[in-house]
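Dear colleague,

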Amino acid sequence: MNERTLVFGHRPGGSSRALITAAGDRGLAVVQLTGAVVPPELRGSGAHLYSGLRHADRLADELGIVLLEAPAGWLPALPAELVGRDIVMTTLGEAHDIRTPVFVKAPNTKEIPARVYADGSRLPGPDALDRRTPVLVADPVRFAAEFRLYVLDGEVRTGSQYALWSREALEPLEGHGRRGEVLGFAREMLAAAGGTLPGAVVVDVGVIVEPDGGERWAVVEANGAWGSGCYAADPGRALEVVLRSSGPGTLMGEHDRSFARVKPLAY
């Protein structure tokens, strides 16, 4: 494996630039692709990848690596007390029949905008996406605050607040007024479900505001570290998780190999 090269499969912006700096400080060569074309010398090299979903699958194939992520059905399989709302996995075709407001997203892909829809008829039709496309359907809830956590072998390495009331609000987890609550909930979540995640992953958690005004912590979602913005998290520690989240499958442990990304049907 080419442990000294990090390939960027998209134009770096915002927190991505911090990862480039962290990679240089670590002694890694950084290759920023132009037009997402892999040069011949990197094909099959096993270089690490940091990329948006648009090009990730093709670039991983050309680099000869595996991308780690949580299974598509991970979120609805969690214990109810960890998610705080009803979430089910269904198909886009079945979701079209819903006639009440509903939150819908396609797991592990951006083909369907993740948001609350007035009803299922507002979702992309069969002319745009296959009706068999898996989707997560959930009760609409309000998150007062949301945090991104970089998890390595069951331990939170770093994190960042990224939203308040669905608006971007970046603040490092270190020194945050709710850091203890965040880490306490993360420990509870990882104790209950850490074995159902790859060794390197990003987990988003947040505070749901209930109808009576009360609050409860809940898992928002899990994402591949290789394609997640690090926001205000410590870039050096985030990079550790990013590097572990991509690489040749033959060099990964048996546990991690079982979390190799499967190209979504929508692609």
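The following paragraphs set out what was found. Please note that this is a predicted model.

I begin with the sheet that contains β1. This is an open sheet of three strands, arranged in the order β2-β1-β3 with parallel pairing. Strands β2 and β3 stand at its edges, and each has a single partner strand, so one side of each is left without a neighbour in the sheet. From one strand to the next, the twist averages 25 degrees.

The pairing of β1 can be described on both of its sides. Strand β1 (residues 5-8) is joined to strand β2 (residues 29-32) by four bridges, and the two run parallel. Towards strand β3 (residues 48-50), β1 is joined by three bridges, again in a parallel arrangement.

The side chains of β1 deserve a separate remark. Thr 5 and Val 7 point one way from the strand, while Leu 6 and Phe 8 point the other way. Are these residues buried or exposed? All four of them, Thr 5, Leu 6, Val 7 and Phe 8, are buried.

Helix α1 (residues 15-25) lies across β1, β2 and β3. Relative to β1, helix α1 runs at about 165 degrees.

I turn now to the other sheet. It is an open sheet of four strands in the order β5-β8-β6-β7, and its pairing is antiparallel. Which strands stand at the edges of this sheet? They are β5 (87-91) and β7 (115-117); each has a single partner strand, so one side of each is left without a neighbour in the sheet. The twist here averages 40 degrees from one strand to the next.

Within this sheet, the pairing of β7 can be given in detail. Strand β6 (residues 102-105) pairs with β7 over three bridges in the antiparallel sense. One of the residues concerned is Phe 103, whose bridge partner in β7 is Val 116.

I would be glad to receive your comments.

With kind regards

Methods: Residues numbered from 1 in each chain as written. Predicted model: local features only at pLDDT ≥ 70, side-chain atom pairs only at ≥ 80, totals over all residues. Heavy atoms only, no water. Buried < 20%, exposed > 50% of the residue type's maximum accessible area, 1.4 Å probe, protein only. Pairing = 2+ DSSP bridges. Axes fitted to C-alpha atoms, helices over the stretch in contact; angles between N-to-C directions. Contact = heavy atoms within 4.5 Å.
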